[in-house]
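Hi,

Here is the structure I promised to hand over. My notes follow below it.

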Amino acid sequence: MSRTALRICPLCEATCGLVLTIEGTPDGERVTRARGDRDDVFSRGFICPKGASFGAVDGDPDRLRTPLVRKDGRLQEASWEEAFDAVAVGLRPLIEKHGPNSVGIVLGNPNVHTMAGALYPPVLIGAIGTRNVFTASTVDQMPKHVSSGLLYGDALAIPVPDLDRTDHLLLIGANPFESNGSLCTAPDFPGRLKALRARGGTLTVIDPRRTRTAKLADRHVAIRPGTDALLLAAMVHVLFEERLTDLGALAGHVEGVEAVGEAVREFTPEAVADACDVPADDIRAMARDLAAAPTAAVYGRMGTCTVAFGTLGSWLVDVLNILTGNLDRPGGALFPLAATDRAPRPAGPGRGFALGRWRSRVSGYPEAKSELPLAALAEEIDTPGGSGKSEGRGSGATDAGPIRAVIAIAANPVLSAPDGDRLDKALESLDFMVSVDPYLNETSRHAHVVLPPPRPAQSPHHDFAFNAFAIHNQVRYTRAAVPLEPGRMAETEIHARLVLAASGMHGAEPDAVDAMVVDRTLGKAVTDPHSPVHGRDPKELAAQLTGENGPERRLDMMLRLGPYGDGFGADPDGLTLDRLLDHPHGIDLGPLQPRLPGPLKTRSGRIELLPAPIADDLPRLKKSLAERPAGLVLVGRRHLRSNNSWLHNIPALTGGSNRCTLHVHPDDAARLGVTDGAYARVKGAGGEVTAPVEITDAVRPGVVSLPHGWGHDRPGTRLHAAATDPGANVNQLLDGTLLDPLSGNAVLNGIPVGVTATP
Ligand SMILES: Nc1nc2c(c(=O)[nH]1)N[C@H]1C(S)=C(S)[C@@H](COP(=O)(O)OP(=O)(O)OC[C@H]3O[C@@H](n4cnc5c(=O)[nH]c(N)nc54)[C@H](O)[C@@H]3O)O[C@H]1N2
Ligand SMILES: Nc1nc2c(c(=O)[nH]1)N[C@H]1C(S)=C(S)[C@@H](COP(=O)(O)OP(=O)(O)OC[C@H]3O[C@@H](n4cnc5c(=O)[nH]c(N)nc54)[C@H](O)[C@@H]3O)O[C@H]1N2
Ligand code: SF4
Ligand SMILES: [Mo]
């Protein structure tokens, strides 16, 4: 007997709707097939090879089925009760003795792909009160958050390119043909780029590699890695020099335009051409194309963020959109409005965005968006003593000591962060560690307790994060496709129990966590004069919430308070969870609309085009004009059938071209004496790795490329398939000191390396 069920795909940011075929077997229900949901209001039937392998990902026999607890030095299967007892016993005395900052919270990428990851970590961080929070954002998009925080006063106000309506797209350091897009949620991103070309639009791609995305472009600029900020500054220079700036409807909303013109005066195309290895004429042409297009969007991703000038580059992307009048207009770059976003309110000055409100203990790195650099996690654990006073958030406790316990949720920093060997040792030295993870992998093997979430078919799904970056406003929710079997626990419940265990409320009902959030949120909303529920009784509102469990009630609450919500009756046609459940393929909320000045939360109430921290960092960029890397630099790459560190255990998704090989240009290969298929040794500041060479002119000369997330050769893991072809951990080449100073983001691209043939 088989049946079908809907499930939003959690395997990348495109959030495609899937139809799963589910069959009963003696071992329980299995997902035997996944196809695109043709009725999905957003993805309209699109599916990629990864989504098509949902069943294999879901059914991986290496997924943990029970909690693991370390006994006699060994991780052993345990009951949930034993596991949470161990968490409470492991964490509470440490917090009481050493203060909240003795706990480090590490949040990995899949948290943005689960409802649990969206709803509970903020509660956990608040409950413990630690300032030692590290997430995948600081090996990813933190520079974009910082530039948005500074420009718009809101780190989450990230404009997305209007792919379906734009006439010209300048795409920088992104490869949506493999990644399916990032900070731009768009099912079938490649199809949308082809449609752009088909309707007469133009595509420019800046990437040191001739990617599949670059192959589609009208113009591919194979820039020297790490120099995009110089090139973009020169484009801004050209806009001023040739009087091509035209802010259009934005004019009244922006301050500091002349100051930007002044700030980029020295960055002429001729001055940057050599450093970028891009002819000055091409830079001028790119600026003119951008200004001349009826509508245009500039969009940058990993290649603009994970570099030494990540925040400056991210800022310049928006500066170009603003100076050409393309921000906040159809066909340009717009601010989405998701169903669980805050409802729009009257514009006016906001609280602004502050950086560096506290600093990391060892190296003094400034916080950004209440986070410290993931690259500094190892030193925060393994450096004894203190170098200053660090206070828990609000608790006043002082503790200048190291991190002694780690709570890792959906995170594998041993592979995804710089210098995995050092972090590996640091984690092993902890007094206590708990991982919420389906796998026993390079990171979770150090835990004292592993709490495994159920497989994705058994989890409900709503994209809290990605709808806020989607190219079309829409809302979808899918309940768990397969019920939990006895002995399994929903990931939302695991998170709620973790909050209780960490905050001294071990043993309380997990629903208490949701009830507390509901009370707090509604209590605040009724005192807010702009809220549709202003002046009402929070208890009466809470009683109206529907939903089968705590997380569903919270979703209902957020939908009802949100921009499309029913306002708890204020707008009877508005959105509620019940209404959403009546639309299993989602509800279309319309194309993106101009929203300014709505999203602005700067102190001035305007877009602050040249914020002081940016202006202060420009001299560093100027200095780089004179720098020329003498040797090779390394960049990363992604493969369509992969996902960071955790899909290498699925045989259906590995093999073929999805391998951990070192791409080397033929000219470099000849010079270095390395041959195709033979192993080469790659050396960086943090260590060395070996990998088989693949000679290809898809990388520009002077650049080699190695993908990340590999290196599955450590003992004590349970990743049988991945261990057969472990690959090398590219992040071992880093020592963790190379950061973008404003955001604390690790530099992962454009890093200096040496390559030699292995004997
Ligand atoms: N050199 C280099 N390094 C990089 C990058 C790069 O381009 N180059 N990319 C960086 C980027 S963009 C990112 S986002 C990071 C990602 O880095 P991480 O966030 O550390 O790694 P992931 O591999 O995404 O997976 C994290 C963990 O989540 C677990 N997991 C999977 N599904 C679930 C789930 O449903 N629930 C829970 N609780 N856990 C789950 C997996 O088993 C895995 O242990 O890597 C970064 N590292
Ligand atoms: N299949 C698959 N999809 C994924 C993921 C995955 O691992 N696999 N990971 C997901 C995650 S967590 C993220 S954050 C996104 C990332 O999404 P993208 O940013 O689109 O992904 P990347 O493939 O890392 O693309 C970065 C590109 O930047 C180029 N580059 C490197 N250095 C520079 C530079 O200095 N300048 C310029 N201009 N370009 C440079 C690289 O050659 C590469 O082609 O993908 C998501 N989707
Ligand atoms: S594009 Fe992304 S969301 Fe869509 S099916 Fe593929 S992995 Fe899933
Ligand atoms: Mo990422």
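This is a predicted model: local features need pLDDT of at least 70, side-chain atom pairs count only at pLDDT 80 or more; totals for chains, interfaces and linings use all residues.

Residues are numbered from 1 along each chain as its sequence is written, and side-chain values use heavy atoms, with hydrogens and water left out.

Salt bridges

The whole structure holds 44 salt bridges (a side-chain nitrogen of Lys or Arg within 4 Å of a carboxyl oxygen of Asp or Glu). One of them joins D424 and R714 at 3.2 Å, N to O. That pair links distant parts of the chain, 290 residues apart: D424 sits in helix 18 (residues 420-428), R714 in the loop between strand 25 (703-705) and helix 26 (720-724). Helices (H or I, at least four residues) and strands (E, at least two) are DSSP runs, numbered from the N terminus. Both D424 and R714 are buried (under 20% relative accessible area; exposed is over 50%, partly exposed in between; 1.4 Å probe, protein chains only).

E242 and R288 also pair, at 2.8 Å, N to O. E242 is partly exposed at 25%, and R288 is partly exposed at 40%.

R92 and E96 meet at 3.1 Å, N to O. They lie four residues apart in helix 3 (residues 80-98), about one turn.

Helix pair

Heavy atoms within 4.5 Å count as contact. On that basis, residues of helix 20 including V517, T521 and L522 meet residues of helix 22, among them R553 and M557.

Best wishes

Conventions: Chains are lettered from A and ligands numbered from 1 in the order in which they are written.
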